[in-house]
Amino acid sequence: KDKNGVCNFPGFHPDTAKLLIQEREIVGIGIDTPSLDFGPSKTFPTHKVILGADKYQIENMNLEGVEEGASTTFISSPMLVKGAPESETRVFAVVGSGKNM
């Protein structure tokens with residue numbers, strides 16, 4: 001947070017989320033920051049796009065060791081918490097996997 005208490009980190013633009021859903025047929029999206037939306041967002045439009053398309057989202061991913069631009073498939077193994085809309089998850093990266101594993 002800055003001196004005014006505003007969070008500052010990058011996120012996905014809602015148009016990028018729409019492109020990924022419509023043209024890349026994603027099942028989910030992940031990011032290594034606290035939110036899919038950029039830090040100061042108050043309306044969370046990217047969340048609305050992703051969740052509105054019934055896709056999952058993962059935040060705060062540790063992407064150390066995953067080469068940028070590498071063909072990678074991520075496998076998510078969330079904890080099942082009865083009645084919870086979200087939970088912690090363990091994410092595995094299969095590097096060099098391409099679109100079809």
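## Exercises on a helix pair and its surroundings

Helix α1 crosses α2 in a right-handed sense. A crossing is right-handed if the near helix is turned clockwise from the far one by less than a right angle, and left-handed if it is turned anticlockwise. The model is a predicted one: local features need pLDDT of at least 70, side-chain atom pairs count only at pLDDT 80 or more, and totals for chains, interfaces and linings use all residues. Residue numbers start from 1 along each chain as its sequence is written, and side-chain values use heavy atoms, with hydrogens and water left out.

### Exercise 1. The chain as a whole

Work out how many helices and strands the chain has, and in what order the elements run.

**Solution.** 
- Step 1: count. The chain has two helices and four strands. Helices (H or I, at least four residues) and strands (E, at least two) are DSSP runs, numbered from the N terminus.
- Step 2: order. Read from the N terminus, the elements go α-β-α-β-β-β.
- Step 3: extent. Along the principal axes, the C-alpha atoms fill a box of roughly 45 × 35 × 30 Å.
- Step 4: burial. The chain has 101 residues, and 23% of them count as buried. Buried means under 20% relative accessible area, exposed over 50%, and partly exposed in between (1.4 Å probe, protein chains only).
- Step 5: contacts along the sequence. Take contacts between residues at least 6 apart in sequence; 53% of these join residues at least 24 apart. A contact means heavy atoms within 4.5 Å.

### Exercise 2. The helix pair

Describe how α1 and α2 pack: at what angle, and how far apart are their axes?

**Solution.** 
- Step 1: Two packed helices are described by the angle between their axes and the distance between the axes.
- Step 2: read the values. The angle between α1 and α2 is about 15°, and their axes are 8 Å apart. Axes are lines fitted to C-alpha atoms, for helices over the stretch in contact; angles run from 0 to 180 degrees between N-to-C directions.
- Step 3: classify. α1 and α2 are therefore roughly parallel. The classes are under 35 degrees for roughly parallel, over 145 for roughly antiparallel, 65 to 115 for roughly perpendicular, and oblique for the rest.
- Step 4: name the residues. α1 contributes P14, A17, K18 and I21 to the contact, and α2 contributes P45, T46, V49 and I50.
- Step 5: sort them. The contact residues comprise six nonpolar, one polar and one charged. Here Ala, Val, Leu, Ile, Met, Phe, Trp, Tyr, Cys and Pro count as nonpolar, Asp, Glu, Lys and Arg as charged, and the others, Gly among them, as polar.

### Exercise 3. The largest core

Which residues make up the largest nonpolar core?

**Solution.** 
- Step 1: apply the rule. A nonpolar core is a set of buried Ala, Val, Leu, Ile, Met, Phe, Trp, Tyr and Cys residues joined through side-chain atoms within 4.5 Å.
- Step 2: list the members. The largest core has nine residues: A17, L20, I21, I26, I29, I31, L36, V49 and I50.
- Step 3: trace the sources. α1 (14–23) and α2 (45–52) each give at least two residues to this core. α1 provides the largest share, three residues.
- Step 4: follow one member. Neighbours within four places in sequence aside, A17 touches T46, V49 and I50.

### Exercise 4. A histidine in α2

**Solution.** 
- Step 1: locate. H47 sits in helix α2.
- Step 2: assign. H47 has 15% relative accessibility and so counts as buried.

### Exercise 5. Loop residues

Find where E25, N60 and N62 lie, and describe each.

**Solution.** 
- Step 1: E25. This residue is in the loop between α1 and β1 (28–30). E25 is not a glycine, yet has a positive phi of about 55°. With 63% relative accessibility, E25 counts as exposed.
- Step 2: N60. This residue is in the loop between β2 (56–58) and β3 (72–78). N60 also has a positive phi, about 60°, without being a glycine. Its relative accessible area is 54%, so N60 is exposed.
- Step 3: N62. The loop between β2 and β3 holds N62. N62 counts as exposed, at 60% relative accessibility. N62 and D32 are 30 residues apart in sequence, and their C-alpha atoms are 6.1 Å apart in space.
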